[in-house]
Structure formats: C-alpha cells, structure tokens
Amino acid sequence: MLILSRRPGESVHVGDDIKITILSIKGQQIKLGLDVPEHMPVYREEIYLKVQTQNASALELDNNDLMMAAALWTSKDKQ
C-alpha cells in the first residue's frame with residue numbers, strides 16, 4: 001500500500017484520468033473530492049464488497065438450473 005501525506009486543498013493524481021483532492025479534515029473524518037471519468041464507477045468499500053458478493057452468487061451454477069436448461073434444449077430439438 002502506498003501511503004501519502006496531503007493537506008487540505010492538495011491532490012494526488014492516479015494515472016492520467018483520476019484526481020483525488022483532500023477537501024477537509026475534521027477529527028477522524030476526511031472529505032475527499034474525486035475527479036474520475038464519467039464511465040468509471042466509484043463505490044464505497046462496503047457497497048463494493050456487497051456488489052462483488054452478489055455477482056459471485058449470480059455466477060454460481062445450480063445443478064437444478066443446469067438440468068432444467070438442458071431439458072428445455074432437448075425439448076426444443078424434438079419439435
């Protein structure tokens with residue numbers, strides 16, 4: 001992990017397209033400003049992890065689903 005020190009108003013550039021600016025620091029809370037391309041999604045970590053879990057669940061194959069799909073294909077072939 002890269003650790004950088006920045007003061008409010010200072011920025012960090014990630015590649016050519018991403019700029020992160022420290023807007024303010026208040027106690028244990030930091031406000032960040034993110035300039036990212038419109039097409040690039042930005043998620044809070046807890047939301048990102050939830051999306052990843054749901055995507056993995058959606059990709060899991062259930063044997064019953066596979067058997068039902070196979071039955072549909074074979075019934076179409078018979079017609």
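In the hairpin formed by strand 2 and strand 3, two residues lie between the strands, and Gly27 adopts a positive phi near 65°. Strands are DSSP runs of type E with at least two residues, and helices are runs of type H or I with at least four residues, both numbered from the N terminus. The structure is a predicted model, in which local features need pLDDT of at least 70, side-chain atom pairs count only at pLDDT 80 or more, and totals for chains, interfaces and linings use all residues. Residues are numbered from 1 along each chain as its sequence is written, and side-chain values use heavy atoms, with hydrogens and water left out.

The protein chain contains two helices and three strands. In order from the N terminus, these elements run β-β-β-α-α.

The three strands form an open sheet of order 1-2-3 with antiparallel pairing, where pairing requires that DSSP find at least two bridges between two strands. Strand 1 (11-14) and strand 3 (29-35) are the edge strands, each pairing on one side only. From one strand to the next, the twist averages 25°; the axes are lines fitted to C-alpha atoms, for helices over the stretch in contact, and angles between N-to-C directions run from 0 to 180 degrees.

Strand 2 (residues 18-26) pairs with strand 1 in the antiparallel sense over four bridges. Within this pairing, Ser11 stands opposite Thr21 of strand 2, while Val12 has Ile20 as its bridge partner in strand 2. Strand 1 and strand 2 also form a hairpin with three residues between them, and Gly15 in the turn has a positive phi of about 65°. Strand 2 and strand 3 pair in the antiparallel sense over seven bridges. Ile20 stands opposite Leu34 in strand 3, and Ile20 is also the bridge partner of Val12. In a regular strand, side chains alternate between the two faces of the sheet.

At the level of the whole chain, 6% of the 79 residues count as buried, a term denoting under 20% relative accessible area (1.4 Å probe, protein chains only). The accessible surface of the protein chain comes to about 7,700 Å², of which 55% belongs to carbon and sulfur atoms; areas were computed by the Shrake-Rupley method with a 1.4 Å probe. Among contacts (heavy atoms within 4.5 Å) between residues at least 6 apart in sequence, 0% join residues at least 24 apart.

Notes. Buried means under 20% relative accessible area, exposed over 50%, partly exposed in between (1.4 Å probe, protein chains only).
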